[in-house]
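Hello,

I am handing over the structure we talked about, and I hope you enjoy looking through it. Below the model you will find what turned up.

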Amino acid sequence: MEITLVQGDITEQRADAVVNAANSSLLGGGGVDGAIHRRGGPEILQECRGLRASRYGRGLPTGRAVATTAGRLPAKWVIHTVGPVHSASEDRSDLLASCYRESLRVAESLGARSVAFPAISTGIFGWPMDDAARIALDAVRQSGTAVEDVRFVLFDHDAYAVFEARL
Ligand code: ADP
């Protein structure tokens, strides 16, 4: 497995699967979630609604992952995962690590060979970038995944530099 870093927009990645920093409603939101639904088109939301109705009536739990079509994105699947909101009083690192592990597990079960991740929980959910980078890289390295190409897509130069230093 090879880990690569790119600075850019997750919706432009050509990868078998791109990971969405979703919220538990699966019905869209801001940040990565908003961008994926905007660029990917209504098919993704339609499948998310179906998942809400059939399997996740109470929402997708934090740390779990589920796949849908990628709609018009240049990928085969979107894997939606729900990151934890950062907390100063409670250690939620394992839930953040679980997002990466579970997304890779779902990717592997689909036969995806390349997966692109955003920096989950570092936007609206408030996780400090350096800590999130450490958790993300450790989780991927320790996952034992059969996915060959794991790409982190960092939106701005600062985030890229933090991941680069950790890698
Ligand atoms: P969360 O709710 O998990 O914190 P966000 O979507 O708010 O998720 O942000 C996660 C990270 O993704 C942030 O670092 C944000 O700057 C970055 N980001 C926002 N839009 C994009 C995009 N289109 N492509 C890649 N990264 C993005």
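A word on classes to begin with: Ala, Val, Leu, Ile, Met, Phe, Trp, Tyr, Cys and Pro count as nonpolar, Asp, Glu, Lys and Arg as charged, and the others, Gly among them, as polar. By that scheme, the shell around the ligand holds twelve nonpolar, seven polar and two charged residues.

Please keep in mind that this is a predicted model, where local features need pLDDT of at least 70, side-chain atom pairs count only at pLDDT 80 or more, and totals for chains, interfaces and linings use all residues. Residues are numbered from 1 along each chain as its sequence is written.

Back to the ligand. A residue is near a molecule if its C-beta atom, placed from the backbone, lies within 6 Å of it. There are 21 residues around the ligand, and Ala 21, Gly 31, Val 32, Gly 123 and Phe 125 come nearest. Helix H1 (residues 31-40) gives the largest share of this shell, with four residues.

Now the fold. Helices (H or I, at least four residues) and strands (E, at least two) are DSSP runs, numbered from the N terminus. The protein chain has five helices and six strands, and from the N terminus they run β-β-α-α-β-β-α-β-α-β-α.

The six strands form an open sheet in the order S1-S6-S5-S2-S4-S3, with mixed pairing; two strands pair if DSSP finds at least two bridges between them. Strand S1 (2-7) and strand S3 (65-69) are at the edges with a single partner strand each, so one side of each has no neighbour in the sheet. On average, neighbouring strands are turned by 25° against each other, direction ignored; axes here are lines fitted to C-alpha atoms, for helices over the stretch in contact, and angles run from 0 to 180 degrees between N-to-C directions.

Strand S2 (residues 15-22) pairs with strand S5 (residues 114-117) in the parallel sense over two bridges. Ala 17 has Val 115 in S5 as its bridge partner.

Helix H2 (residues 42-54) lies across S3 and strand S4 (75-82), at about 135° to S3. Helix H5 (residues 157-166) lies across S1 and strand S6 (149-154), at about 155° to S1.

Finally, the C-alpha trace of the protein chain spans about 40 × 35 × 30 Å along its principal axes.

Best wishes

Technical notes
Contact = placed C-beta atoms within 7 Å.
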